Amino acid sequence: MKVLIIEDNQELARNIREFLGREGYICESSETLEEAREKLALFQYDCILLDIGLPDGSGISLLNFIRNEHKDSNVLIISAKNALDDKIIGLEKGADDYITKPFHLAELHARIRAVYRRKNLGGASIVEFNEISLNTDTFEARINDSLLDTTPKEFDLLLYFIVNKNRVLSRQAIAAHLWGDYTDNLANFDFVYQHVKNLRRKISNAGGMDYISTVYGLGYKFNSRTQ
Amino acid sequence: MLVVLLIGGAIVYHEIQAKISGVEVVRHQRLNDLIADQIRQGGDYRDHPTRKRATITVIPADSVPRGVSSYFTRGIDWNPEFQRDEFKLMVTSFYVIDGRHYRITTYSFIPSFYELLPGVVDSFKWILLVLLVVVIISSGLISKYILAPFKRTMRVIQSFDLKRREPIRLSSTRTSEFMELNQFLKKMTEKAQEDYQSLKEFTENASHELQTPTAIIRGKLDLLMESEIRDEQAILIAEMQNALERLSRIHSSLTLLTKLENNEYVAKEPVNISNVVRETLNAFDELIEMKSLELDVHIEKGIYVPLHAALADLLVTNLVSNSIRHNAPAGRASGAGVDAGGFIRVNLSREGLVVVNTGREPQVPAAELFERFKKGNAAGDSIGIGLAIVRQICELSGFDIIYEYRDGLHGLAVSFLPRVPASKLLQNLLVPLHS
């Protein structure tokens, strides 16, 4: 997947590049609207990460251009302002999703995959990994074709794990993914622990492999290569 | 007014008395002259009406006072006609008739101080009344005409809104005081708008500038987590993650509070709060189940409140998540000595929203719980700003909110209607689940 990161902060852009690079994505970044326009005129991208506050203007102004010239690209707005207006205007003008700083890189990745699935795979909303298959339309999880009885949160968690497989997911990142940012006081890691425990139990009961392991002190990891 | 009337009364009284005396004196002088004429002409006038109150004495020339032809005296004296003391005016005149010196004295009884007083007071009562009516009517009319520009200014000021960037438009006036006032108001509102604008910009900039480095740190930690690290390094990273989480939450909450205080969320259309409550409870379903909390929910359907959709969401989410997080089993407070589990009661009616949950007694006074960074108990990783946000939303929307703790139960009520106090909503609901 080819990704254009339009973000004026080099460090942040580098974080994203590095993280997505490990997934095998090809990332390019531009720091200004001008530079972004040049790149967009020359190349096609599967996904565009667009910061709102850029040195030479608002990222919103680039949305029209992207929508006209790059109909197939997914646009994900990155904003620090968390202003409702930005969100509404951004989504109205054709952005596919909106993420607020500071985000977890795993979260960003999950969002990119989600908009990509919605748009590019034309309805084939099945995410598969070995014996596990997830239907993101019906929220059905299957292990070797037998239905796994998961709650919506467990389904969400499993999808998050598979999208970010082989990565250490902190409890904070998981909590933020499951309950959003503004559930201010609910980053209760006991709940994360409970959900992960239940999920592992359900998968192994259904005859699936136990891919999820605990990473000491930090969180959890979905291992594609089980020892 | 009263002082003026008193002074005026005294003056009027004295004037009247002086005038009456003056007129009487002149009349008596004429009467004395008449008597003197009669004496000059000779003849018997003894029973003439002129002699009724006259005393005529012939006096030696040397007892005639020099330079005075007439004088008068006043005083209280016995009136034989009415058999009582009355105010008596006596005028004495001196004449020379046929070489003889005559002293003619006539007197009459005139109204005294006490007899005049009621009249003066009475007339002043009427004057006062008429004056009052005139003053009230005229002041109404005058203020209507004179204060018209002032009232126009007032109307403009009342409809002034900091958020709108347009400057106030004041109608011109010729009165210099109002001109000054208008100029002052113009300057003041412009300054306020400027300050508001820069505050807003600062908030937005601060938000932007702080969130970006936080995002960088978070990203670096995410990347660091995936490198080969030892266990003790993992612990360090986890602690950093925790602190960072806290920082970012405090920051976003404070930014939100500032936005609320700046009135940036204006409800455009009423929101269906019934749906919001139901959806929120659904979202927390699993958490409630994990904590084995019993639910007691009554939601009236189709209730709309004038609230921004995002704020309605925030309000309900904060209340429900609080009731989950601070929930602790009620202990042996209720019933037959059996351990009662924790529960959450959510009641939504036309009047308001009530959330009751079991929990430990808060360690700070109830009123302080709504303050920022005050926590009911030290437990958990809350930053203690959830209730401050809730209160701010309530204040913004004119909702009454109350918190109460009783026998292991926390109750929070939000009243949507101004005429219904929140405490009334809580009355019957702050009771154990099975009672």
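I call two residues in contact, or touching, if their C-beta atoms, placed from the backbone, lie within 7 Å. I am working with a predicted model, in which local features need pLDDT of at least 70 and side-chain atom pairs count only at pLDDT 80 or more, while totals for chains, interfaces and linings use all residues. Residues are numbered from 1 along each chain as its sequence is written, and chains are lettered from A and ligands numbered from 1 in the order in which they are written.

**Entry 1: an arginine in a loop**

I began with B:Arg350, which touches B:Glu300 and B:Ile303 once residues up to four places away in sequence are set aside. My helices (H or I, at least four residues) and strands (E, at least two) are DSSP runs, numbered from the N terminus. On that count B:Arg350 sits in the loop between β8 (343-348) and β9 (352-358) of chain B. I take a residue as buried if 20 or more other C-beta atoms lie within 10 Å of its own, exposed if 12 or fewer, and partly exposed in between, again with C-beta atoms placed from the backbone. B:Arg350 is exposed because 12 other C-beta atoms lie within 10 Å. I also looked at B:Ile299: it is 51 residues from B:Arg350 in sequence, and 9.6 Å from it in space, C-alpha to C-alpha.

**Entry 2: where the chains meet**

I found 38 residues of chain B in contact with 36 residues of chain A. On the chain B side, α4 (176-225), α5 (231-261), α7 (285-290) and α8 (309-325) each give two or more residues. The largest share, 14 residues, comes from α4(B).

**Entry 3: the core and α8(B)**

Next I looked up nonpolar cores, meaning sets of buried Ala, Val, Leu, Ile, Met, Phe, Trp, Tyr and Cys residues joined through C-beta atoms within 7 Å. The largest has 113 residues, and those touching the most other members are A:Ile16, A:Ile48, A:Leu49, A:Leu50, A:Leu76 and B:Ala312. α8(B) gives this core its largest share, 8 residues. Apart from it I noted another core of 5 residues, including B:Leu31 and B:Tyr95.

Is α8(B) mostly covered or mostly open? It is mostly covered, with 14 of its 17 residues buried.

I stayed with A:Ile48 too: beyond its neighbours within four places in sequence, its contacts include A:Leu4, A:Ile6 and A:Ile66.

**Entry 4: a sheet in chain A**

Chain A has 8 helices and 14 strands, and 45% of its 227 residues count as buried. I picked out an open sheet of 4 strands, ordered β8-β9-β10-β11, with antiparallel pairing; strands pair here if DSSP finds at least two bridges between them. The edge strands are β8 (126-129) and β11 (146-148) of chain A, each pairing on one side only. Strands β9 (132-135) and β10 (140-143) of chain A share 4 bridges, and A:Ile132 has A:Ile143 as its bridge partner.

I finished with the backbone. The peptide bond from A:Lys101 to A:Pro102 is cis, with omega near -5 degrees, and A:Pro102 lies in the loop between β7 (97-100) and α5 (105-120) of chain A. A:Asn144 is not a glycine, yet has a positive phi of about 50 degrees; its loop runs between β10 and β11 of chain A. B:Asp98 also has a positive phi, near 50 degrees, and its place is in the loop between β3 (84-97) and β4 (100-109) of chain B. B:Asp98 counts as exposed, with 8 C-beta neighbours inside 10 Å.
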